[in-house]
Amino acid sequence: MADGRAVLVTGGASGIGAGLARGFAAAGDRVLVVDVHDAEGRRVAEEVGGGYFHADVADFAANQHAVAEAVARFGRLDVVCLNAGVGGGSGLGAQFDPDAYRRSMSINLDGMVYGANAATAALRAQGGGAIVFTASIAALAPAVDLYYATAKHALIGLMRSMAMLLAKDHVTVNAICPGFVDTPIIAPVRDAIVQHGLALLRPAEVAALVLDVVADGDTGQAWETQAGRDAEPVAFRPIIPSRT
């Protein structure tokens with residue numbers, strides 16, 4: 001497209017989301033940064049020459065308004081990066097905090113479901129597009145932050161099923177599953193991660209993968225990416241239904 005693609009990025013005020021906004025803008029695309037952290041979000045939007053929209057992804061109507069803003073601003077919507085996320089903040093048994101659990105699920109899973117549903121009509125109406133979920137390696141393996149892992153595991157099922165259902169509409173749906181990324185979400189445990197000798201990805205590296213995934217045109221893939229390794233799609237064993 002002569003004017004570049006129209007891209008919406010949730011959680012775009014910092015971390016991977018800010019990296020995504022910068023990456024797409026550098027590729028010549030127009031970006032709407034969506035977040036609840038207004039000052040930081042506006043700074044990123046100004047930096048990339050895009051727009052900013054305040055929306056809490058845990059609210060379905062807010063997701064609908066964000067999509068409507070992108071279409072009104074750019075005239076279309078080509079790529080939707082559903083990236084907003086928070087740590088789980090709850091444990092097992094006596095350490096279980098139902099409020100922290102509900103907050104984690106409302107952003108890490110509900111926000112993805114809401115964002116994808118809000119975007120689907122716009123993408124279908126124009127004949128196609130791309131949805132990319134930011135998941136985690138916690139979507140593929142056990143993790144100490146168990147409710148964060150629960151949401152991310154569910155996200156892979158959402159992605160694979162949506163990819164199947166939207167293929168006929170030429171809407172690709174994929175997920176990226178990064179290892180530890182040097183972002184504010186890991187700030188409380190960053191020192192411990194480094195002390196254990198674990199490598200950190202840069203947000204720009206994750207953004208580069210997302211641009212490649214969108215350009216590739218494949219769908220239904222969960223891409224594992226870790227520092228110092230080539231990214232690769234996860235191989236899921238096909239399930240063959242039994243028959244009488």
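This is a predicted model: local features need pLDDT of at least 70, side-chain atom pairs count only at pLDDT 80 or more; totals for chains, interfaces and linings use all residues.
Contact here means heavy atoms within 4.5 Å.

**First stop: P184**

Select P184, which is found in the loop between β6 (171-178) and α6 (190-195). Leaving aside residues up to four places away in sequence, P184 touches S14 and G15.

**Second stop: helices α1 and α7**

G15, touched by P184, also belongs to helix α1, which spans residues 15-26. Select this helix together with helix α7, residues 203-216. How do the two helices cross, and at roughly what angle? Their axes come within 8 Å and cross at roughly 55°, which makes α1 oblique to α7. The crossing in which α1 passes α7 is right-handed.

To display the contact, show the side chains on both helices. From α1, select G15, I16, G19, L20, G23 and F24; these meet P203, V206, A207, V210, L211 and V214 in α7. Colored by class, the contact of α1 with α7 shows 9 nonpolar and 3 polar residues, with no charged residues.

Next, select helix α4, residues 98-125, and helix α5, residues 146-166. Their axes are 9 Å apart, and the helices pack at an angle of about 15°. Angles under 35 degrees count as roughly parallel, so α4 and α5 are roughly parallel to each other. The crossing of α4 and α5 is right-handed.

On the α4 side of the contact, select Y101, S104, M105, N108, L109, M112, V113, A116, T120 and R124. Their partners in α5 are Y147, Y148, T150, A151, K152, A154, L155, L158, M162 and L166. By class, the contact of α4 with α5 comprises 14 nonpolar, 4 polar and 2 charged residues.

How many disulfides does the structure hold? It holds 0 disulfides. A disulfide requires a pair of cysteine sulfur atoms within 2.5 Å. The cysteine sulfur closest to that of C81 is in C177, 14 Å away, and is therefore too far for a bond. C177 is likewise in no disulfide, its nearest cysteine sulfur being that of C81.

Are these cysteines buried or exposed? C81 is buried, with a relative accessible area of 1%. C177 is also buried, at a relative accessible area of 0%.

Key
Residues are numbered from 1 along each chain as its sequence is written. Side-chain values use heavy atoms; hydrogens and water are left out. Axes are lines fitted to C-alpha atoms, for helices over the stretch in contact, and angles run from 0 to 180 degrees between N-to-C directions. Helices (H or I, at least four residues) and strands (E, at least two) are DSSP runs, numbered from the N terminus. Angles under 35 degrees count as roughly parallel, over 145 as roughly antiparallel, 65 to 115 as roughly perpendicular and the rest as oblique. A crossing is left-handed if the near helix is turned anticlockwise from the far one by less than a right angle, and right-handed if clockwise. Ala, Val, Leu, Ile, Met, Phe, Trp, Tyr, Cys and Pro count as nonpolar, Asp, Glu, Lys and Arg as charged, and the others, Gly among them, as polar. Buried means under 20% relative accessible area, exposed over 50%, partly exposed in between (1.4 Å probe, protein chains only).
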